[in-house]
Amino acid sequence: GGLAAARGTVLSLKLDKMSDSVTGQTVVDPKGYLTDLNSIKINSDAEVGDIKKARLLLRSVTTTNPKHGPGWIAAARVEEFAGKVVAARAIIKEGCEICPDSEDVWLEAARLQSSDNAKTILAHAVHHLPHSVKIWLQAAELEGEDRERKKTVLRRALEFVPNSVKLWRTAIGLEEAADARIMLGRAVECVPHSVDMWLALARLETYDNARKVLNQARQAIPSEPSIWITAAKLEEAHGNVDQVSRIVEKAIQVLTRDQVVIDRDQWLKEAEAAERAGAPLTCAAIVRNSVWRGVEDDDRKRTWLDDAMSCLAKSSVETARAVYAHALSVFPTKKGLWKAACDLERKHGTPDTLDSMLSTATNHCPHAEVLWLIWAKEKWQGKGGDVGSAREVLVEAFKANPDSEDIWLAAAKLEWESDEFERARILLQKACARAPSPKVWMKLALLEREVSLVSASKNSAAGAEGGGVGDEASASELATLDEALKQFGSFEKLYMMAGQACERQGLLARGRAYYQAGLRRCPSCVDLWKLAASLEQRLSSSSSSSTGGNGGSGGGGGGGVVKGRSMLELARLKNPKNEKLWCAAVRLESQAGNVKMAQTLMAKALQECPDSGLLWAEEIKSAPRADRRGKSMEALKRCDNDPSVICAVAGLFVDERKVPKARKWFDRAVKIDESQGGTWAQYYAFELAHGSEDTQKDVRDRCVASDPKYGEVWCAVTKNPLHRKLPKDKVLERAAAAFNATASAAAAGSN
């Protein structure tokens, strides 16, 4: 019984579907009929019960309230859901007869029919509801791709519903430009409050006619800002620059008079839209007249800076420029605003606009040293490389800021970089007298050092006896440093420079005196301790070697290690938990061949500094090959984002000949911290050994773009005065070569 009933239900569904086919023809496939029956979903007993309940309920609705259109629609959809399309059509047809004034019922009836039948139904519908926009639009939609028939339907619709913006918009969208203009002319008469119609008509008209159209639009809709803005754009497009600002100002006055709320954020969006439309003057006028509205006096600068940054994030450069211009008109002495505006011009403007901006900025803020320095730098390092103009800028800067340390240093740097050493020396000497500071004295000493090295290099190349010149200049450097230390005895870099100068001349005892004096005044300077320990090692080694005879080489080396070790132990007492001092101590023992001592020190170091990437990297490099993988895993658990550790792991993969993995880890290391030049040098050395020209070029270009500044190997190259003008790519090559040399020496020592 149940199976037979289900089969009968399926058969009924199939017959209902067949009745929807072409009259008099069968669409049943005799071979696939049974298969087709099996594919039909049979509703469960619960679903069938729900359908019956819904059918009964909706029959009650349509009986008790037959004029309620949604009831007929719901009843038809229940039958459609049950698969009885014919029954659904019959119900909705009855609904159309009983509710002829319900457009939704007519639209539902059309939806349930085929296209041709739907047209007939909608034709009946418009007789009953000639003012229904939905029915007319659906009738036009049923015409498919036939544009002419669509036009006919829509034009007929407009005869009955001339005030429908939707009908006008749809009809005009089907027309060519000439016919569209005619229809828009009629549309604005029928729907004078449609802003889109007025603006569309203005776009299609000539300049003179467009002005007339927009004037009519303003009269019809006086409270609509977009009409005023379009008028301003129109004048800008035809070169009437003076009219643009006047129109926007008048718009604000009229809208305010008519009590229209001037929404600041909305007007800024209009400014951005004007910029995208190619109307920068309109954009600026809108910003000028709206950006200040609704902003508290105390919040103006911060708000306007945020506005400009927001505009730049959306690539609205002209809008941001206009915001800065207004902000600077209110706060002409705020150097932060000038810097932001100059930064915009540097990135998005021209050299002329930037120069003009900086000139104006320094006029308004003559005591803002940073603005003078930016201007001088742009003159000097711009496309022209105009040193003379940069000098003129700095001369003006001196007049406004006679005792500025930064300007003195900038002027000296300009001459220094131009190889005008004597002029740079004179400037720095004057700066030491008028604006003395540790930095100024240090720069003067650095200049003296470079002069000595350059002179010695030139004399050596010429085959002359240049020692006297070099010694004299080195003596000049030490004299400068002595004078500086009298005034700034607590500046540790002066002691380091003096000690290094003595080491270069072989005056080791004098160098020790400088270091010891520096450590008394600056006991927390780690680099000074490291230099002092290194010098003690050299002094003890040279002393023991000179007195040790044939057997003195080993003893001399041992004495140097002992002195260096004791110095570093003292340093660690003064500066506990310092990774650099521990690393220096470990390296000292490793270089001396004291492997056990180095291992013991490393264990203590990692206990005191368990999260030090520098120490873990050293541990990985110095560990026996069999232990390196385990050390790497432990290091990554402690500091998985430290570039030193990542580089050490990459080196492990290099040793194992796993080139792709090593490249991946080197790449990760430089992405973590692009400022570490040592990491770039190691990466480039790897590519030179294992990569192609393309990968080498990629690393080189990325390094130059990153402009790294730190790292032992890197700084050893960049801080050499002879390499001052070396391009970044050449610095990278020298640093990579230095890394390879260090690695080779370490490998030879371990063997």
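Helices here are DSSP runs of H or I with at least four residues, numbered from the N terminus. With that in hand, let's tour this predicted model.

**Stop 1: the loop at Ser-315**

Select Ser-315, which sits in the loop between helix 18 (300-313) and helix 19 (317-330). Ser-315 is not a glycine, yet has a positive phi of about 65°. Most residues other than glycine have a negative phi. Is Ser-315 buried or exposed? With a relative accessibility of 58%, Ser-315 counts as exposed.

**Stop 2: Asp-419**

Now move on to Asp-419, in the loop between helix 24 (405-417) and helix 25 (421-434). Here again phi is positive, near 65°, in a residue other than glycine. Asp-419 has 41% relative accessibility, so it counts as partly exposed.

**Stop 3: helix 15 and its surroundings**

Select residues 241-257 to bring up helix 15, a run of 17 residues. From first C-alpha to last, helix 15 reaches 25 Å, close to the 24 Å expected at 1.5 Å a residue. Which residues of helix 15 are buried? Colour Val-244, Ser-245, Ile-247, Val-248, Ala-251, Ile-252, Val-254 and Leu-255 to see them. Then show helix 14 (225-237), helix 16 (264-276) and helix 17 (280-290), which are among the elements covering those buried residues. Before you leave, step just past the end of helix 15 to Gln-259, where phi is positive at about 65°.

**Stop 4: a helix pair**

Next, display helix 9 (residues 147-160) together with helix 10 (residues 165-173). Their axes come within 10 Å and cross at roughly 150°. The cut-off for roughly antiparallel is over 145 degrees, so helix 9 is roughly antiparallel to helix 10. The crossing of helix 9 and helix 10 is left-handed. For the contacts, show side chains on both partners: Arg-147, Leu-154, Ala-157 and Leu-158 in helix 9 meet Leu-167, Trp-168, Thr-170, Ala-171 and Gly-173 in helix 10.

**Stop 5**

Go to Glu-108 in helix 6 (residues 103-111). Glu-108 is buried, with a relative accessible area of 4%. What does Glu-108 contact, leaving aside neighbours within four places in sequence? Select Ile-73, Arg-77 and Ile-92 to find its partners.

For a contrast, pick Lys-52 in helix 3 (residues 45-64). Lys-52 counts as exposed, at 54% relative accessibility. Draw a C-alpha to C-alpha distance from Lys-52 to Val-78: the two are 26 residues apart in sequence and 9.3 Å apart in space.

**Stop 6: Cys-522**

Select Cys-522, in the loop between helix 29 (508-521) and helix 30 (526-547). Cys-522 is buried, with a relative accessible area of 6%. Not counting residues up to four places away in sequence, Cys-522 touches Ser-490, Glu-492, Tyr-495 and Leu-528. One of these, Tyr-495, is 27 residues from Cys-522 in sequence, with 9.5 Å between their C-alpha atoms.

**Last stop: confidence**

Finally, colour the model by pLDDT. The protein has a mean of 82, and 87% of its residues reach 70 or more. Residues 18-28 stay under 50, and the model gives this stretch six contacts beyond four places in sequence. Residues 464-470 are also below 50, with five contacts in the model beyond near neighbours in sequence. Where pLDDT is low, the predicted coordinates should not be read in detail.

How values were computed: Residues are numbered from 1 along each chain as its sequence is written. This is a predicted model: local features need pLDDT of at least 70, side-chain atom pairs count only at pLDDT 80 or more; totals for chains, interfaces and linings use all residues. Side-chain values use heavy atoms; hydrogens and water are left out. Helices (H or I, at least four residues) and strands (E, at least two) are DSSP runs, numbered from the N terminus. The expected span of a helix is 1.5 Å times one less than its number of residues. Buried means under 20% relative accessible area, exposed over 50%, partly exposed in between (1.4 Å probe, protein chains only). Contact means heavy atoms within 4.5 Å. pLDDT is the predictor's confidence in each residue, from 0 to 100. Axes are lines fitted to C-alpha atoms, for helices over the stretch in contact, and angles run from 0 to 180 degrees between N-to-C directions. Angles under 35 degrees count as roughly parallel, over 145 as roughly antiparallel, 65 to 115 as roughly perpendicular and the rest as oblique. A crossing is left-handed if the near helix is turned anticlockwise from the far one by less than a right angle, and right-handed if clockwise.
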